[in-house]
Amino acid sequence: MNKKKILLWAPFGSGKHYWGPGISAYNLYQQLDKSIYELHLAHGYKSQKDYTLFDSHTYIAKCGNSLFRQLVFLIYAKYWLKINACKYDIMHSLSPMSIGFYPAIWFEKYGPGKAYVKVTAKNSGFSGNSRLSKWFKLDKNRIKNISNISGIIAISTEIVTELQNLGISKKSINFIPNGVNTKVYSPVNKKSKTQLRKILNIQDYFTVIFTGGISDRKSPSTVLKAVTKLIEIKKEINLLIIGPERDNGDELKIINSILNKDPNLLNRVHIIGHINNIEQYYKIADIFVLPSTNEGMSNSY
């Protein structure tokens, strides 16, 4: 039996390097039946690791947040897909922005397979929320070209509603929420929590956890301000802020400014970067807080 070949189109890579859709897809495909499917990765992330999960991975060109980098990435992407789209049965694209949407169109144009684009947040890809999108009407162009791909994957009912309100047919939208591997993420009893806190060098206090990109949109500084107030009134409480810096350090500067003003926070607030054992920190937490201004269904939940 010939295996079905899936092309995972991940401009910022896929794996354990903390990029929401990329790590979500990596975790999802851990459950893939490799006797039936092959999984191939195409990306623009120079530091992408060679995970055994992928039967192959192809570096297209460097993809960054600048317009120049994304234009270069798209030029190389179109050329590569013109040659290689015929080799795959399905494309799973992780971005509704130009770097993920137009490659999906080219995939169906140059090959026999079907392409699906994942939408992970509201106001993303089809609603003209950036200046560039408004100036060049990129959002309207993508809506106009929905019929040129096989479908959209929406991870929340709010995103489904937003897409329908923008005039996108319900037939084009597939509602598939993010899942959780309950074998990895599971609660522990109080005794185990205390022991694990000791191992991780966290005081055995009530613990608040924030996980996600450290950015203005995710706003971990809001959680820090609230916890600071609680510590001021003698509450025994920890705060864990876990995740990579995502907005050129602006949000992290706010966090460090708050910490530098109050030495009492130093043993209570833990700024933790990229870690591979995040499930251990979830186990020691008592409450999860994500004061994000815009989400679809966060992978941090």
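At 1.5 Å a residue, the 18 residues of helix α2 (residues 67-84) should span 26 Å, and the end C-alpha atoms are 25 Å apart, which agrees; the expected span is 1.5 Å times one less than the number of residues. Helices (H or I, at least four residues) and strands (E, at least two) are DSSP runs, numbered from the N terminus. The model is a predicted one, in which local features need pLDDT of at least 70, side-chain atom pairs count only at pLDDT 80 or more, and totals for chains, interfaces and linings use all residues. Residues are numbered from 1 along each chain as its sequence is written, and side-chain values use heavy atoms, with hydrogens and water left out.

Phe73, Leu74, Ala77, Trp80, Leu81 and Asn84 are buried (under 20% relative accessible area, 1.4 Å probe, protein chains only). These residues cover an arc of only 140° around the axis, which puts them on the same side of α2; the arc is taken from the directions from the helix axis to the C-beta atoms. On the other side, Phe68, Ile75, Tyr79 and Lys82 are exposed (over 50%). The buried residues of α2 pack against β1 (4-10), β2 (37-43), β3 (56-59), β4 (90-93) and α3 (98-110), with contact meaning heavy atoms within 4.5 Å.

The strands belong to an open sheet of 7, in the order β3-β2-β1-β4-β5-β6-β7, with parallel pairing (at least two DSSP bridges between two strands). β3 and β7 (173-175) stand at the edges with a single partner strand each, so one side of each is left without a neighbour in the sheet. Between β1 and β4 there are 4 bridges, and Leu7 stands opposite Met91 in β4.
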